[in-house]
Each structure stands twice: as C-alpha cells, then as structure tokens.
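This briefing covers a surface patch, a pocket and a set of salt bridges, in that order. Please read it alongside the sequence and the structure.

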Amino acid sequence: MEKPNIEILRVLYFRRKHILLVSFITALIALGVTFILKPKYRSQAYIYPANMVPFFMEQQNNAVSHTELLLQFFNSYDVRNDVLKKFNLAKHYDLDTTDPKFNTYFNFAFEENIKASQTRYESIELNVLDANPDTAQHIAQGIIDAVNKTISQEHITKFNEYVTVNRAYLNAHRRTLDSLQKCMEVFSKKYHLIDMGAQMRYAAQNYFKLMAEGKENAKITEAYNEIAEKGPELFRIGDAFQEEARMYATVENELNQSIRDFNRKLTYMIVASKPTKPDSKYWPKKGVITFVAALSAFVLACLYFMYVVRIREVWASIKTPPLITK
C-alpha cells in the first residue's frame with residue numbers, strides 16, 4: 001500500500017510547477033471574471049408582526065405563529081405582482097411580458113434577488129439585491145408597503161364579514177324581542193297582567209283575606225284565577241325576554257366593536273430596522289470566488305497528474321496485441 005502512495009507523491013512533486021501554474025492562471029481568470037460580473041448591492045430590513053389577531057384566531061389549533069403568517073404574505077404572489085407593477089420589474093429584469101413563460105422567469109428573478117426568511121428572534125429578515133443601491137432600498141420599502149396593503153385589504157374583508165354576521169344576529173334577536181314584546185302586550189291587554197309580582201301579592205292577600213272572613217268577591221276571585229292560570233306562562237315569557245335582551249346587548253357590543261375595527265386604519269408590522277441603503281457591493285465577492293476557483297483548479301490538476309500516467313499505461317496495454325505462444 002505504501003508504494004502506490006509514494007508513487008503518487010512523487011508524481012505530484014514532479015508536477016508541482018504545473019499544478020501551481022494551473023491554479024495561479026485559474027485564480028487570475030476568476031479574478032478577471034469578477035470585474036466583468038454585474039455588481040449587486042444588498043438592502044436589509046427586519047420586521048415584526050403586529051395586529052395579526054383576526055388571522056391568528058382562525059389558526060390557533062394549527063400552531064401557526066404570527067411571524068409565520070406574516071412570512072406567508074411576504075412570499076405571496078399578490079405582493080410580488082404589486083411590486084412588479086410599482087417598480088416595473090419586468091423592464092428592470094429585462095423580461096418580455098408577452099412571453100408565455102413570463103411568470104416563470106419573473107418568479108425566478110424575484111426569488112434570486114429578493115428573499116424573506118424567519119429569524120430565531122421571531123422576526124422577518126428581508127434581503128433585496130440590485131445593481132443600484134437606491135433601487136435596492138426602494139424595492140425593500142415597496143415590499144413592506146405592499147405586504148401592509150395586502151394584509152389591510154384582507155383585514156377589511158374579514159372585519160366586513162364580522163359586521164355582516166353580527167348585524168344578521170342582531171336583527172334575529174331584534175325580531176325575537178319584538179315577538180316576545182307582542183306576547184307580553186297580549187297578556188297586558190287581555191288579562192291585565194303587567195307586574196306579576198305585585199299583582200300576585202295583591203290578589204293573594206285580598207283573596208285569602210276574603211276567604212278567611214267567609215266573603216267572596218267575583219272580581220278578586222277571577223283576577224286570582226287568571227293570575228294562577230296565566231302567571232307561569234307570563235313568567236316564562238318574561239324570562240325569555242330578559243335573556244334575549246341580554247344576548248341582544250352582547251351582540252350589539254360585538255357589532256359596534258366590529259364596526260370600529262372595520263373603520264380603524266392599522267399597520268400590521270413593526271419595522272425594527274428600516275431598509276438600509278448599501279454603501280458597498282454585496283456581490284461578487286472577489287476573494288471568495290478567486291479562492292474557490294484556485295482551490296478547484298488545484299484539486300483537479302492533482303487528480304489529473306495522479307491518474308494520467310496510469311490511464312496511459314492502461315490504454316497502452318489495451319492497444320498492445322497479446323503475444324501468441326506456440
């Protein structure tokens with residue numbers, strides 16, 4: 001095992017100048033290419049979610065955080081289309097809008113230059129790359145504005161649903177209250193039952209007083225019998241009326257709150273760090289590209305000189321005809 005290793009080291013040492021020369025030339029070429037590549041500047045921003053409750057309420061059982069919901073909006077196609085129109089990114093990225101695959105090419109360019117990701121601190125990190133530092137900053141701010149606009153539109157829709165539903169509930173309780181009110185008016189007009197507690201006490205006192213004295217009064221007896229017969233039903237209607245009135249007040253409060261939420265102008269994120277204006281190139285990284293290219297050339301050159309002799313020997317043995325012995 002040692003002889004092949006020694007042979008490999010011997011070959012590499014013998015070819016050291018060639019290997020170093022190839023690596024050096026490759027590094028120079030890579031460095032020259034970095035001057036040709038179009039530079040890009042990076043604008044960064046950090047954002048925290050805020051006022052995401054209506055969306056979060058529907059996701060409580062799915063263990064979805066506010067940050068994850070906000071990240072979905074940053075990556076949504078509605079936001080991309082908004083930014084596409086606002087900054088004319090089709091022209092900016094040299095894309096043909098009449099191309100059938102325009103959306104595919106645009107999404108590829110967008111994802112290559114714009115990235116939003118979640119940090120370990122539950123915030124959103126937004127990175128925008130562009131050849132112009134001012135444009136990078138403006139696009140980053142435009143994305144934040146587009147996300148806020150999209151969420152605002154969704155919230156308006158959601159709060160409008162709450163207003164519609166609560167108004168329907170309120171009208172239903174209003175109709176029930178009106179029906180119960182009419183029933184109570186029937187008892188009041190037909191049976192003269194208004195205040196059951198007071199009327200029952202008065203009728204019972206007079207009825208039992210007359211009964212104790214051995215006297216009878218037709219009107220008091222009739223009133224007492226009507227109260228005894230219709231009283232429980234009126235009590236049930238009264239209790240139902242009070243319960244409906246309580247529910248009506250609750251729904252009315254919810255409706256008013258929904259209307260206030262609908263009319264509020266909210267922002268749905270806290271910008272912890274506004275989009276920065278870059279003052280130095282983010283790409284290409286000359287040192288990294290040059291080093292990787294030189295290292296790759298060095299490894300490939302070593303592999304070539306390590307096995308080229310062996311490959312030639314194998315190829316020569318294949319081409320040499322076998323000896324024919326008698």
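V292 is found in helix α11. The model is predicted, and the points below are grouped by topic.

**Nonpolar surface patch**
- V292 has a relative accessibility of 46%, so it counts as partly exposed.
- V292 belongs to a nonpolar surface patch that also includes L20, V288, F291 and Y307.
- Together the residues of the patch have about 960 Å² of accessible area.
- Helix α11 (residues 286-319) supplies the largest share of the patch, nine residues.

**Largest pocket**
- The volume of the largest pocket is about 290 Å³.
- Its lining consists of 15 residues, and K38, K40, H92, Y93 and N113 are the ones nearest the centre.
- Two or more lining residues come from each of α6 (89-92), α7 (102-113) and β3 (124-130).
- The most is given by α7, with four residues.
- By type, the lining has seven nonpolar, two polar and six charged residues.

**Salt bridges**
- The whole structure contains six salt bridges.
- R80 pairs with E111, with 3.2 Å between the closest N and O atoms.
- This pair joins helix α5 (residues 77-87) to helix α7 across 31 residues.
- R80 is buried at 6% relative accessible area, whereas E111 is partly exposed at 40%.
- D82 bridges to K149, the closest N and O atoms lying 3.3 Å apart.
- D82 is in helix α5 and K149 in helix α8 (residues 133-191), 67 residues apart.
- K149 is partly exposed, at 44% relative accessible area.
- D134 forms a salt bridge with K277, at 3.0 Å between the closest N and O atoms.
- D134 lies in helix α8 and K277 in the loop between β4 (269-273) and α11, 143 residues apart.

Note on methods. Residues numbered from 1 in each chain as written. Predicted model: local features only at pLDDT ≥ 70, side-chain atom pairs only at ≥ 80, totals over all residues. Heavy atoms only, no water. Patch = residues over 30% accessible without salt bridge, like charges linked within 9 Å, V, L, I, M, F, W, Y side chains within 5 Å. Areas by Shrake-Rupley, 256 points an atom, 1.4 Å probe, with all protein chains shown as cover. Salt bridge = Lys/Arg side-chain N within 4 Å of Asp/Glu carboxyl O. Buried < 20%, exposed > 50% of the residue type's maximum accessible area, 1.4 Å probe, protein only. 1 Å grid on protein atoms, 1.4 Å probe; cavity = no way out; pocket = protein on both sides within 12 Å on 5 of 7 lines; lining within 4 Å. Points joined across faces, edges and corners; volume = space filled by probe spheres on them. Nonpolar A, V, L, I, M, F, W, Y, C, P; charged D, E, K, R; others polar.
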